[in-house]
Amino acid sequence: MSYRLTFVAGAVLGYVLGTKAGRERYEQLKRSAQQFAQNPAVRNTAESAAQQGREFADKAYHAVSDKVGDRMPDSVAQRVNALRERTAHGPAEDDWGTSNT
């Protein structure tokens with residue numbers, strides 16, 4: 001996926017730098033990209049994908065900690081338990097007073 005993104009970014013950059021339209025075409029592409037990023041459907045899809053990623057990570061975290069929990073040193077097990085309690089009560093604030101969402 002990152003290879004594709006890098007390729008597309010390079011292609012766009014090459015097109016912009018190589019085009020005879022110059023700055024005008026660059027501004028047009030920039031406006032199009034901003035409109036795309038601000039599109040409610042795109043934003044909803046991105047948020048949905050982020051939410052699904054968080055849910056998957058939470059399931060994986062619990063599955064791994066359940067299986068490995070008995071074999072961990074006590075200090076690590078205590079930290080895992082503290083993290084479980086913290087995540088069980090919803091999004092908590094971090095040390096700087098911001099939420100971990």
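Start with the lining of the second largest pocket in this predicted model: nine of its residues are nonpolar, one is polar and one is charged. To show the lining, select L5, V8, A9, V12, V16, Y26, L29, K30, S32, A33 and F36. Two helices, α1 (2-18) and α2 (23-38), each give two or more residues to this lining. Colour α2 separately, as this helix gives the most, with six residues. If you draw the pocket as a volume, expect about 270 Å³.

Next, keep α1 on screen and select Y3, F7, V8 and V12. These four residues make a nonpolar surface patch of about 460 Å². Centre the view on F7, which sits in helix α1. Is F7 buried or exposed? F7 is exposed, because its relative accessible area is 56% and the cut-off for exposed is over 50%.

Side chains of opposite charge can pair when their charged atoms come close. The count for the model comes to one salt bridge, so a single distance label covers this item, given that a salt bridge needs a nitrogen within 4 Å of a carboxyl oxygen.

Then select S65, in helix α3 (residues 40-68). Is S65 buried or exposed? S65 counts as buried, because its relative accessibility is 8% and buried means under 20%.

How many helices and strands does the chain have? There are four helices and zero strands, and from the N terminus on the elements run α-α-α-α. Colour by relative accessibility next: of the 101 residues in the chain, 6% are buried, and S65 is one of the buried residues. With the surface on, the accessible area of the chain is about 8900 Å². Carbon and sulfur atoms account for 57% of that area.

Technical notes:
Residues numbered from 1 in each chain as written. Predicted model: local features only at pLDDT ≥ 70, side-chain atom pairs only at ≥ 80, totals over all residues. Heavy atoms only, no water. Buried < 20%, exposed > 50% of the residue type's maximum accessible area, 1.4 Å probe, protein only. Areas by Shrake-Rupley, 256 points an atom, 1.4 Å probe, with all protein chains shown as cover. 1 Å grid on protein atoms, 1.4 Å probe; cavity = no way out; pocket = protein on both sides within 12 Å on 5 of 7 lines; lining within 4 Å. Points joined across faces, edges and corners; volume = space filled by probe spheres on them. Nonpolar A, V, L, I, M, F, W, Y, C, P; charged D, E, K, R; others polar. Patch = residues over 30% accessible without salt bridge, like charges linked within 9 Å, V, L, I, M, F, W, Y side chains within 5 Å. Salt bridge = Lys/Arg side-chain N within 4 Å of Asp/Glu carboxyl O.
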